[in-house]
Amino acid sequence: MCGIVGILGTEPVAEDLIDALKRLEYRGYDSAGVSTVENGVLGRCRAKGKLKNLQKALNEAPLQGHAGIGHTRWATHGAPNVTNAHPHMTDRVAVVHNGIIENFKPLRERLEKEGAKFETDTDTEVIVHLISLELKKGSAPEQAVQAVLTQLEGAFALAIIFAGHDDLMIGARRGSPLAIGYGEKEMYLGSDAIALAPFTDRVAYLEDGDWVRLSRTSATIIDERGQEVERTINRSTASAMLVDKGNHRHFMAKEIHQQPEVIGHTLGHYVDLATNRVQIPDFDIDFKTLPRLTISACGTAYYAGLVAKYWFEKYARLPVEIDVASEMRYREAPMEPGGLALFISQSGETADTLAVLRYCRAQKQHVAAIVNVTESTIARESDATLPTLAGPEIGVASTKAFTCQLTVLACLAIKAGVERGHISIEQEMELVSQLVEVPRHISTILNDEHLFEKMAHGLAHKRDVLYLGRGSSFPIALEGALKLKEISYIHAEGYAAGELKHGPIALIDEDVPVVVVAPKDNLFEKTVSNMEEVAARGGQIILMTDDKEAAASFTTSSSFVVPRAHEFTNPLVFAVPIQLLAYHTAVFMGTDVDQPRNLAKSVTVE
Ligand code: F6R
């Protein structure tokens, strides 16, 4: 999603704006721009594509203003070209925007009738013209912005600078996140604390409906009722975060390799390693009497929830309803008051997930969230927050956040099983000890990473790939297909292996590789039958299993054997080979692994 940064500095800010935008690159973007105000005059520089293009353009036409705003744009309205790149401006005002202005069409029609000349296809440009009109009527910048905010529908974060005002910046938040950074005689705005980390670790988050007036020495925050309010200034840990690739070629590779460590950290938070018992801090839901669990999330986080459905149902006998958030938010699902609604989100900002959270709250559900960003909106709007301790995930394709989500969900499922009387203390200790083994199993898999390079050659340049799995391996097959398609651009679909003959088998021929996720569990033989059906039709099987004999005896085009783990922890273990397969295929194909085309890291629009 778009990234926003604003600096009221004491020296020219253009270079610092670019540095901050670099730290927001992970969110995904297709053009970028900066604008500064210098001796009262607004200047702007924009470029299509990566920040190096913007840097080049700035070298040719430097901006010297000490106050400025910057933006990385992920196109929603209008093609990703220079004209549509932010900031948008008139000679009076420059604006950067993250989100969508839903009523931009009627606003634009009205403005055009009043004589405004539009240059872009964006929704954002209406904001610029609306503010300019107010300023023209003689309003002060604060009044102008306030008047315009009331006319906008949709979700947005804005940073705005004004001609004639070198010590003023206005930020506003409705839906999309916006943070204020407090410096020494300097002030900042940013989409997240990571962007602000080089400048300051003193960060406050605007609440929904807030807007802020910044000078170099002050921040005045006004809430949605027009009241001046204080928002807590936190010490952000983002400055301690190293946003670099270490010895790895891509962030995704680094993050795959961090998994043993971060799963270990996450486990350390949720289990007492001395007793092998689960201990969930700040979580007082009583599973014993809970009638129902509702889970909602998007993409990879949804697949983590789907694995958890198998766990909660089998180990805790707890009925689970799960749906992707984009569907659940409009389904008007009836809910018995008193249920638990659980949301899973790496960013904690996903618009659809947040919308379901608010729906569930209105349905009188307890709201809990598993998030990686603890200052996020989803975390702040939940009754209980269960952090994943994955550290910042920069690669757009989720890897370590997924396995850390599974780790938290596994602990929750054990807790639920114990409280509901379906898991004895001995069984709890056994399951926890199996979880504790997971980092070691993953390290073993990572030591064999070179094997995936060869396997990837078999997938690269194929048109379609199928992924099959049964039971809790089914969501892993779905995740495998998602990982492959999003970073290699090869069309891939995941299916429940038993569904094969209900349609997808028609696709099988010698050109369609089929990746089978088949741990030696109670469903193994059934999955083997499905592999036979594929092989009989000339399909090329890539087998992921923990059964050496099966891997050796079955005719597959290639196979990978993971360490034998407990059936309960298999989804965590098998998540890693499917990540490695997707990663090496994408590297072989030469795609932009960390920032695949069209994708954004944090999806703050619908
Ligand atoms: C895929 C991926 C996405 C996210 C989804 C939800 O690799 O990363 O599918 O899982 O956009 O994002 P969060 O977890 O931030 O809510």
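This is a predicted model: local features need pLDDT of at least 70, side-chain atom pairs count only at pLDDT 80 or more; totals for chains, interfaces and linings use all residues.
Student: What is the volume of the largest pocket?
Tutor: The largest pocket has a volume of about 560 Å³.

Student: How many residues line it, and which lie nearest its centre?
Tutor: The lining of the largest pocket comprises 29 residues. Nearest the centre are C298, G299, T300, K601 and V603.

Student: Which elements give two or more residues to that lining?
Tutor: Those elements are the helices α9 (299–316), α10 (325–331), α11 (351–362) and α16 (473–488), together with the strand β20 (340–345).

Student: And which domains does the lining draw at least three residues from?
Tutor: Domain 2 (245–445) and domain 3 (448–606) each supply at least three residues to the lining of the largest pocket.

Student: How do the lining residues divide into nonpolar, polar and charged?
Tutor: In the lining of the largest pocket, 13 residues are nonpolar, twelve are polar and four are charged.

Student: Turning to the ligand, which residues come nearest?
Tutor: There are 14 residues around the ligand, and S345, Q346, S347, T350 and E486 come nearest.

Student: What lies 2.6 Å from an oxygen atom of the ligand?
Tutor: That is a polar side-chain atom of S347. For K483, a polar side-chain atom lies 2.8 Å from a ligand oxygen atom.

Student: What about E486? How far is its side chain's N or O atom from an oxygen atom of the ligand?
Tutor: For the E486 side chain, an N or O atom is 2.5 Å from an oxygen atom of the ligand.

Student: How much of the ligand's exposed area does the protein bury?
Tutor: The ligand taken alone exposes 400 Å², and the protein buries 89% of that.

Methods:
Residues are numbered from 1 along each chain as its sequence is written. Side-chain values use heavy atoms; hydrogens and water are left out. On a 1 Å grid over the protein atoms alone, a cavity is a set of points where a 1.4 Å probe fits but cannot get out, and a pocket is an open set with protein on both sides within 12 Å along at least five of seven lines; lining residues have an atom within 4 Å of a point. Grid points are joined across faces, edges and corners, and a volume is the space filled by probe spheres set on the points. Helices (H or I, at least four residues) and strands (E, at least two) are DSSP runs, numbered from the N terminus. Ala, Val, Leu, Ile, Met, Phe, Trp, Tyr, Cys and Pro count as nonpolar, Asp, Glu, Lys and Arg as charged, and the others, Gly among them, as polar. Domain bounds come from an automatic or database domain assignment. A residue is near a molecule or strand if one of its heavy atoms lies within 4 Å of it. A polar contact is a pair of N or O atoms within 3.5 Å; within protein, one must be able to donate a hydrogen and the other to accept it, and residues adjacent in sequence count only if both atoms are side-chain atoms. Accessible areas come from the Shrake-Rupley method with a 1.4 Å probe; for residues, only the protein chains shown count as cover.
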